[in-house]
Amino acid sequence: NTSGGLGISDSNITFSATEDLGGGMKAAAQLKIDGLNRAVAHGGDTWVSLSGGFGTLQMGLAEYDTDTADQFGTFLGDTILGGRMGDSERTADFVQYGTSFGPVGVSIRHTEAAAGNGVGAGAAGSSSQRENTIAVSYAAGPLSVKADYAAFDNKSTPTANTAWFATGYDTRTTLGGNYDLGAVKLGLGVQSTKYYTTGSTTETFLGASVPLGALALGIDYMSTKISDSAADGTGTGFGIQATYSLSKRTNIRARYASYDATISPANKTTGTSVELYHNF
């Protein structure tokens, strides 16, 4: 798979504000303009929140990731492997409540139906699914761990010749974390998605990054396995990246990625990119 040319990627502007309400309470808001270029400007993550001793209540419209690479990636994340091996980012309305007990965090989240999320995802006229998620996290010192469980609604009873995945998601369970050894940062994640009536997908992720002063090196690896009598298959992929910081706000990134699979898209492909990033 080969593509070429120059372009602008991930150009965005974020406006944020906070207000101290007194009594330990705080209000916050964010408005983001995403995917900004000469042709279009898309809306980005937009939300409001209220926090205090009771925890944090947040609601809005945001892009969210469910794949292991984005959740536990140490370096590349879904920017290399997404769209082929992990779920792509999805945008949906949500409401979430979270609180913490020392190093332990607990949250519950309701996400409204997102395009491409569920029954016949991506097909014309397909129905999307809402999801309800409960998550528990732990973070102390160099270790951070997260586990979550999501249940979906709007499942479809299959009819004759219905593809197994077209019945929609049933449940999704994710477990993973990161450990910072100082010289090396590691990431590991496992995710199991069960489809309604039959079929499942198991995703495994492993990543590592090594800081070397202004230079940082890293590698991410992911494997996906589909288990179903009509669509068994596997896919593997890895990405290697080098980032060199020219300053605190500007860096150059060079990437190489490889993908090989017997599941859709069933092919072997590689890709390279060189990018210049600036934050202001």
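Reader: How many aromatic pairs does the structure hold?

Author: There are three aromatic pairs in the structure, and, as a word of caution, this is a predicted model. One of them joins phenylalanine 152 and tyrosine 169, a tilted pair with 5.1 Å centre to centre and 45° between the planes.

Reader: Why is tyrosine 169 called buried?

Author: Buried means under 20% relative accessible area. Tyrosine 169 has 10%, so tyrosine 169 is buried. Tyrosine 195, with a relative accessible area of 14%, is buried as well, and so is phenylalanine 152.

Reader: Lysine 32 is a charged residue type to ask about next: why is lysine 32 called buried?

Author: The relative accessible area of lysine 32 is 19%, which is under 20%, so lysine 32 is buried. Lysine 32 lies in strand β2 (residues 25–34). Among the residues that lysine 32 touches, leaving aside those up to four places away in sequence, are Asn12, Ile13, His42 and Asp45.

Reader: What makes arginine 109 a charge over a ring?

Author: The charged end of arginine 109 sits over the ring of phenylalanine 94, at 4.2 Å from its centre, and the distance limit is 6 Å. Arginine 253 lies over the face of tyrosine 277, where the distance from the ring centre is 3.7 Å.

Reader: How do you know that threonine 243 makes a polar contact with glutamine 241?

Author: Their side chains approach to 3.2 Å, and a polar contact needs N or O atoms within 3.5 Å. Threonine 243 is found in strand β14 (residues 233–245). With a relative accessible area of 13%, threonine 243 is buried. Its C-alpha atom is separated by 8.8 Å from that of glycine 218, which is 25 residues apart along the chain.

Reader: What makes β11 and β12 a pair of strands?

Author: At least two bridges are needed, and 10 bridges join β11 to strand β12 (residues 200–212), so they pair, running antiparallel. Valine 190 stands opposite threonine 204 in β12. The two strands form a hairpin with four residues between them, and threonine 197 in the turn has a positive phi of about 75°.

Reader: How do you know that β12 pairs with β13?

Author: 13 bridges join β12 to strand β13 (residues 215–227), again antiparallel. Threonine 202 has lysine 225 in β13 as its bridge partner. This hairpin has two residues between its strands, with glycine 213 in the turn at a positive phi of about 70°.

Definitions and conventions:
Residues numbered from 1 in each chain as written. Predicted model: local features only at pLDDT ≥ 70, side-chain atom pairs only at ≥ 80, totals over all residues. Heavy atoms only, no water. Buried < 20%, exposed > 50% of the residue type's maximum accessible area, 1.4 Å probe, protein only. Contact = heavy atoms within 4.5 Å. Phe/Tyr/Trp six-rings, centres within 6.5 Å; stacked < 30°, edge-to-face > 60°. Lys NZ or Arg CZ within 6 Å of the ring centre and 35° of its normal. Polar contact = N/O pair within 3.5 Å; in protein donor to acceptor, adjacent residues only side chain to side chain.
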